[in-house]
Amino acid sequence: MTAFIHHFLFEFRAGLRDRNLLLMNYLFPLGFFALMGVLMTQINPGFKETMVPAMVIFAFLSSAVLGLPGPLVAAREGGIFRSYRINGVPALSILVIPAVSTTFHMVLVSAAIAICGPLLFGATMPVNALGCVLTFLAVAVACTGVGVLIGVIASDSRAIVLWSQLVFLPSMLLGGLMVPVSLLPATLGRVAWLLPSTQAMNAFNSLGLRLATGHPPMESIAILLAGGLLAFAAAIYLFKWDSRSDTHRGHPAMALLVVLPYAAGMILMAR
Amino acid sequence: MKEIVIEVQDFQKAYGNVTAVNGISFQVHRGEIFGLLGPNGAGKTTTLECLEGLRRPGAGSLRILGVDPSRQLPRLKDLIGVQLQTSGLPPSMTVSEAVAFFAAYHQVQPRPGLLERLGLSERKAVQYRDLSTGLQRRLALALAMVHGPAVVFLDEPTAGLDVPARAELHALVKELQSSGKTIILATHDMAEAEKLSDRVAILFGGKIVASGTPRELTTSSAGLTKISVRTEGGSLLGIGPALPGATRPSVEGEYLVCFSSDPGAVVSDLLARVKRQSDPLVDLRVERPSLEERFLEITRGGAQ
């Protein structure tokens with residue numbers, strides 16, 4: 001337990017000390033939140049209704065999908081994991097503690113969004129705290145799982161950008177953050193359910209804001225949790241202590257298994 | 001006879017079709033500094049990594065205090081401390097966080113006085129990336145020692161250090177030895193190996209091509225000992241070829257310089273001549289081949 005606390009405290013502080021992590025955890029999501037608050041609420045007043053969950057999910061995409069993989073790859077390539085291995089740091093801690101730390105940063109960012117959104121931009125305040133917490137945890141598991149998995153399979157910083165953008169960009173464009181999924185063309189609307197952000201928006205809107213979404217929120221919660229846990233399981237299985245490791249067990253293509261719960265979700269949501 | 005701490009028997013390791021280590025055997029005794037020398041690609045790093053439990057051996061047996069590094073990693077971590085050549089620490093981790101972090105994973109309290117002894121007590125709040133190379137090396141050594149291991153692995157411990165920092169680190173390594181630690185030193189620096197090691201093994205092409213104490217290795221050299229002598233009156237400068245047992249006699253400034261495979265006899269002869277001519281001796285230097293020269297001799301021979 002002492003080791004967990006020391007490790008967690010270091011990772012949490014690193015999220016503030018490291019410029020890239022500070023950017024992805026705080027500056028980018030809060031800057032984007034301010035920009036959207038000023039612009040989108042003018043262009044599309046209806047955005048105020050879903051602004052808080054959309055910006056919370058955006059913050060998760062930024063910190064977990066864009067920010068989390070970089071330090072993992074840098075640590076592996078820089079020999080830090082070798083040092084950890086010699087000193088008895090388990091692979092589980094190496095993968096889970098940064099995810100927990102990122103979640104704590106997101107608690108702070110989400111609190112700022114939930115307080116400032118209604119005050120500054122007239123955003124709708126969530127009405128069901130328990131529903132929000134449940135959805136927040138499911139989104140945390142799903143997004144940090146994807147981030148950790150990218151950190152494990154990416155061989156270098158270019159691969160991180162490739163894999164992260166493969167999740168981030170469609171999530172931004174199709175995931176219901178800016179435009180409701182119901183307004184997308186039918187085919188794109190169906191494909192959008194493959195994205196964690198679409199499931200997260202459905203759960204947040206339904207459970208947290210009590211909006212009528214037409215899709216069961218608990219299915220979205222289950223899909224997010226299943227996708228996240230599968231991502232962590234795949235990351236632990238595929239984890240390598242260094243790039244020349246002779247103990248890796250599977251092909252990185254195994255990571256694609258993470259899509260399965262979302263594919264099941266796409267089928268369920270099309271009913 | 002001192003206890004055997006590390007025992008390597010017929011150890012082999014290949015990466016695909018490339019054999020990195022080809023059946024080496026050696027033993028290291030308690031309290032010994034054992035130097036592992038070799039050019040790049042000789043198999044030193046592979047040997048170290050297998051001993052540290054980072055890689056599995058292809059064949060043969062490795063034991064550290066009876067523990068198999070490839071199968072008993074949890075037990076191994078309490079026995080060994082490793083100063084890796086690469087950083088091994090996140091750039092934003094402070095000195096005190098690093099010590100607390102590693103001590104916590106070893107389930108021990110940080111040893112009191114450790115940072116003070118290594119000159120890091122004033123820099124507890126400094127992040128790793130802001131430490132000089134010398135202080136980074138010291139911190140790596142502190143972390144290798146944080147749990148009081150019996151065996152310490154030092155991989156190029158002074159690479160990139162200036163002369164004073166090297167000397168300080170050498171003193172620390174000797175201090176570690178005097179506290180009873182067994183030390184494996186992998187280095188390219190032959191002067192360092194000669195100065196610190198009790199015994200060395202020279203790896204070349206995945207095999208041990210020479211081993212023994214640095215003195216044993218240098219005295220078995222085919223190289224000649226260099227003898228330089230200077231007298232007040234310069235009476236030896238004109239000897240030329242008339243010096244039995246010496247080759248290539250020459251004059252370098254006020255010195256007569258020659259080479260010999262039997263330096264004892266040549267020096268006795270020179271001293272007798274000086275005495276006969278009542279020409280007071282000012283300086284006499286006898287320089288046996290260094291470990292570096294012996295290393296080059298062995299590895300060049302191996303390459304051929």
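**Domains and the contact between chains**

Analyst: In this predicted model, the centres of domain 1 of chain B and domain 2 of chain B, taken over C-alpha atoms, are separated by 44 Å.

User: Which residues does each domain of chain B span?

Analyst: The domain assignment divides chain B into two parts. Domain 1 covers 4–219, and domain 2 covers 225–288.

User: Which helix gives the most to the side of chain A that touches chain B?

Analyst: In the contact between the chains, 20 residues of chain A meet 23 residues of chain B. On the side of chain A, α1 and α5 (80–86) each supply at least two residues. The largest contribution, seven residues, comes from α1(A).

User: How are α1(A) and α3(B) oriented to each other?

Analyst: The axes of helix α1 (residues 2–17) of chain A and helix α3 (residues 95–105) of chain B come within 8 Å and cross at roughly 150°. Angles over 145 degrees count as roughly antiparallel. The two helices α1(A) and α3(B) are therefore roughly antiparallel.

User: What classes of residue make up the contact of α1(A) with α3(B)?

Analyst: From α1(A), the residues Thr2(A), Ala3(A), His6(A), His7(A) and Phe10(A) take part; they meet Glu97(B), Ala100(B), Phe101(B), Ala104(B) and Tyr105(B) of α3(B). Sorted by class, the residues of this contact are six nonpolar, three polar and one charged.

User: What is the handedness of the crossing of α1(A) and α3(B)?

Analyst: The axes of these helices cross at roughly 150°. The crossing of α1(A) and α3(B) is left-handed.

How values were computed. Residues numbered from 1 in each chain as written. Chains lettered and ligands numbered in written order. Predicted model: local features only at pLDDT ≥ 70, side-chain atom pairs only at ≥ 80, totals over all residues. Axes fitted to C-alpha atoms, helices over the stretch in contact; angles between N-to-C directions. Helix = DSSP H or I, 4+ residues; strand = E, 2+ residues; numbered from the N terminus. Parallel < 35°, antiparallel > 145°, perpendicular 65-115°, else oblique. Left-handed = near helix turned anticlockwise from the far one by under 90°. Contact = placed C-beta atoms within 7 Å. Nonpolar A, V, L, I, M, F, W, Y, C, P; charged D, E, K, R; others polar. Domains from an automatic or database assignment.
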